[in-house]
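Please keep the sequence and the structure at hand while reading.

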Amino acid sequence: MASSEDVKSGESAVTTIVNLAEEAKLAREGVVNKAPSYALSTICKSLLAGGIAGGVSRTAVAPLERLKILLQVQNPHNIKYNGTIQGLKYIWRTEGLRGLFKGNGTNCARIVPNSAVKFFSYEQASKGILYMYQQQTGNEDAQLTPVLRLGAGACAGIIAMSATYPMDMVRGRLTVQTEKSPYQYRGMFHALSTVLREEGPRALYKGWLPSVIGVIPYAGLNFAVYESLKDWLIKSKPFGLVNDSSELSVTTRLACGAAAGTLGQTVAYPLDVIRRRMQMVGWNHAASVLTGDGGGKVPLEYTGMVDAFRKTVRHEGFGALYKGLVPNSVKVVPSIALAFVTYEVVKDILGVEIRISD
């Protein structure tokens with residue numbers, strides 16, 4: 001009798017083990033079958049949210065973006081744009097509404113993939129850095145510090161900028177064209193093919209080095225300041241800015257984005273000026289385009305980033321490194337704020353987890 005019970009008990013144990021093994025197998029198959037589609041869906045939603053954020057934020061400030069570039073590269077001996085208000089009025093008077101948005105199509109064609117890649121890269125870099133930080137400290141509850149967020153933001157900025165830099169280069173040239181310019185690029189693809197044909201493929205990456213150096217503090221500070229400010233507000237809850245559900249209002253998040261954008265662009269701005277000027281080198285019609293009427297041509301030759309810095313400061317003074325800063329500040333504050341908030345709102349609508357850096 002005891003032997004029969006032992007056999008039944010053994011059979012029961014074997015059956016249990018077999019059932020558990022089958023369940024584990026099914027679970028594994030389920031994970032294998034579902035994980036790729038879920039991961040692909042999440043990636044696509046994240047990229048879509050980043051792209052929409054970039055398109056919305058840049059279109060909203062397109063006139064200021066164009067004026068900034070015109071101020072950065074105009075001939076100091078033939079001033080056409082002298083300040084934000086005067087510059088916008090001059091563009092409106094001479095080129096009309098279309099002039100205010102010239103180059104925005106190319107800018108959106110660049111910024112939509114750039115923004116998509118940047119936000120997605122930041123999420124992935126944050127996860128990777130956080131994992132390594134937790135492994136190094138042995139604390140699975142460790143959080144990203146502002147410095148680590150700075151690193152993740154810098155990685156995201158470099159990846160996104162490098163992936164879309166040729167678009168940025170031709171966008172800069174399209175933007176400085178005026179109705180009186182003797183030579184006209186007909187559009188983004190015409191500009192790309194013309195630069196390739198006349199200047200070679202390396203020309204599409206002119207100004208890349210100062211862009212890489214500049215994007216480190218720019219993108220790094222943007223993400224680090226924005227995320228750190230949000231965390232601080234949620235934890236300290238000053239001035240009643242956080243509701244009972246520990247959620248920040250859209251207005252508060254816009255303010256965080258504005259602060260992040262202001263700090264980032266101020267630190268990196270001189271490198272942005274040098275980048276724009278280096279992008280004009282090698283363009284046969286650059287000097288006449290920059291003056292707007294073909295007169296007062298000046299040489300635009302730089303042997304590299306350091307040479308561009310040196311010549312700009314020597315011929316125009318240190319202040320030339322901050323030409324266009326005012327319209328850029330007016331542009332960056334709402335642009336960065338809109339980008340962050342739009343990204344979070346769209347991801348929330350799409351049902352994608354937002355906070356990856358906690």
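In this predicted model, Tyr322 has a relative accessible area of 29%, which lies between the 20% limit for buried and the 50% limit for exposed, so Tyr322 counts as partly exposed. Tyr322 forms an aromatic pair with Tyr269, and this pair is stacked, with 6.1 Å from centre to centre and 20° between the planes. Because Tyr269 belongs to helix H8 (residues 250-280) while Tyr322 belongs to the loop between helix H10 (305-316) and H11, the pair ties together parts that are 53 residues apart in sequence. Tyr269, for its part, counts as buried, at 1% relative accessibility.

**Aromatic pairs**

The structure holds nine aromatic pairs. One of them joins Phe119 and Tyr343, whose ring centres are 4.1 Å apart and whose planes meet at 15°, so this pair is stacked. Since Phe119 is part of helix H4 (residues 104-137) and Tyr343 is part of helix H11 (residues 325-350), the pair ties together parts that are 224 residues apart in sequence. Phe119 counts as buried at 5% relative accessibility, and Tyr343 counts as buried at 6%. Both residues also belong to one aromatic cluster, which is formed by Phe119, Tyr122, Phe223, Tyr226, Phe340 and Tyr343.

**Salt bridges**

The structure holds 17 salt bridges, and the table gives some of them.

| Salt bridge | Closest N to O |
|---|---|
| Asp168 and Arg276 | 3.2 Å |
| Lys230 and Glu344 | 2.4 Å |

The bridge between Asp168 and Arg276 links distant parts of the chain, 108 residues apart, with Asp168 in helix H5 (residues 146-176) and Arg276 in helix H8. Asp168 and Arg276 are both buried, and they take part in a network of salt bridges that links Glu65, Lys68, Asp168, Asp272, Arg275 and Arg276.

Lys230, in helix H7 (residues 208-236), is 114 residues apart from Glu344, in helix H11; Arg253 lies in helix H8, so its pair with Glu344 ties together parts that are 91 residues apart in sequence. Lys230 counts as buried at 4% relative accessibility, and Glu344 and Arg253 are both buried as well.

**A buried charge without a salt bridge**

Arg58, which lies in helix H1 (residues 2-60), is buried yet has no salt bridge, and the nearest side chain of opposite charge, that of Glu65, is 4.4 Å away. Apart from neighbours within four places in sequence, Arg58 is in contact with Glu65, Asn104, Asn107, Arg110, Ile111 and Ser335.

Key
Residues numbered from 1 in each chain as written. Predicted model: local features only at pLDDT ≥ 70, side-chain atom pairs only at ≥ 80, totals over all residues. Heavy atoms only, no water. Phe/Tyr/Trp six-rings, centres within 6.5 Å; stacked < 30°, edge-to-face > 60°. Helix = DSSP H or I, 4+ residues; strand = E, 2+ residues; numbered from the N terminus. Buried < 20%, exposed > 50% of the residue type's maximum accessible area, 1.4 Å probe, protein only. Lys, Arg positive; Asp, Glu negative; His and termini not counted. Salt bridge = Lys/Arg side-chain N within 4 Å of Asp/Glu carboxyl O. Contact = heavy atoms within 4.5 Å.
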